[in-house]
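Please read these notes with the structure open beside you. Take the points in order.

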Amino acid sequence: MRAAEVATVTTLVAVDPVRAFDVFTSEIGQWWKSAPRYRFHPEKSGTMRFEPGVGGRLVEVHDAKTGAGFEVGRVLVWEPGARLVFEFRGRDFAPGERTEVEVRFEAEGQGTRLTLEHRGWDTIRPGHAARHGHTGQAFGDMIGLWWADLLVAIRARVAR
Amino acid sequence: MSAGALDRTLAALADPTRRRAVDLLRQRPRRPGELAEALRVSPPVISRHLRVLRNHGLVAEEHGDPRDSRLRVYRLRREPFINLRAWLDQVEAFWAGQLSAFKAHAERTRRGKRP
């Protein structure tokens, strides 16, 4: 049975698992959608970057020279061609609050079945910030706004 | 959906025993004694967890027989799970968008390498 608090998304991509893992991690800066409304930082634009290996950081880099930016989370599992687990924090998360993203890469036909699970929403406890609906809300807003944009884009395409 | 209601649902689910109780209650309503046995916890412990779930609006208490408190049964309320699902739908929509961008990029660069 599917757990109550896990978001799951899957896609089939026409490259092998090793290449898929490589694109997902080392080329994240080239494919991650980072239009202004979906950024981790309210004003600064940036490029996503994975530091390879367990303990490496996923960072939205705001200053290409210094590498400074927002740390989305740390890599927890790094198995090239098979499995990737990393922490995922929104900008208003309190210290210690984190959600977790697991990505599995499995060979299917000539390509790769990629399954992404985003879990741990229950660890965001309503502490001092969340009590006012703050914690998780920035990420919720980000997602909500993104969703609204997606609908607009779909409507625009249908209208054509 | 209010953020407060979602916070409350997630807070109630933050405990592993309560998550397992919720999983059991998704199958059908159950008596506290049944839950205690299945989860291998004492009756006072299951009472405490059920109280949290009830206070957070995740379960409702029903009386099989009002004269006998041992016949109380707990059932899941639908509403908080609909809210949670709506939230997860948004999270999934976010990732579906990112993954379609990933897929497009991966397949575009592959074609570039092998024309």
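1. A term to begin with: two strands pair if DSSP finds at least two bridges between them. This model is predicted. In chain A, seven strands form an open sheet, in the order E1-E7-E6-E5-E4-E3-E2. The pairing is antiparallel. Strands E1 (7-13) and E2 (47-50) of chain A stand at the edges. Each has a single partner strand, so one side of each lacks a neighbour in the sheet. From one strand to the next, the twist averages 25°.

2. Look at one pair within the sheet. Strand E5 (residues 83-88) and strand E6 (residues 99-108), both of chain A, are joined by six bridges in the antiparallel sense. A:Phe88 has A:Thr99 in E6(A) as its bridge partner.

3. Now the helix. Helix H1 (residues 17-26) of chain A lies across E1, E2, E5, E6 and strand E7 (111-119) of chain A. H1 runs at about 150° to E6(A).

4. Next, the core. The largest nonpolar core has 46 residues. Among those touching the most other members are A:Ala20, A:Phe24, A:Val103 and B:Trp95. Helix H5 (residues 79-113) of chain B gives this core its largest share, eight residues. Not counting residues up to four places away in sequence, B:Trp95 touches A:Ala7, A:Val9, A:Leu116 and A:His118.

5. Is A:Pro52 buried or exposed? A:Pro52 has 12, so A:Pro52 is exposed. A:Pro52 lies in the loop between E2 and strand E3 (57-63) of chain A. Beyond residues up to four places away in sequence, A:Pro52 touches A:Thr25 and A:Trp78.

Terms used:
Residues are numbered from 1 along each chain as its sequence is written. Chains are lettered from A and ligands numbered from 1 in the order in which they are written. This is a predicted model: local features need pLDDT of at least 70, side-chain atom pairs count only at pLDDT 80 or more; totals for chains, interfaces and linings use all residues. Helices (H or I, at least four residues) and strands (E, at least two) are DSSP runs, numbered from the N terminus. Axes are lines fitted to C-alpha atoms, for helices over the stretch in contact, and angles run from 0 to 180 degrees between N-to-C directions. Two residues are in contact if their C-beta atoms, placed from the backbone, lie within 7 Å. A nonpolar core is a set of buried Ala, Val, Leu, Ile, Met, Phe, Trp, Tyr and Cys residues joined through C-beta atoms within 7 Å. A residue is buried if 20 or more other C-beta atoms lie within 10 Å of its own, exposed if 12 or fewer, and partly exposed in between; C-beta atoms are placed from the backbone.
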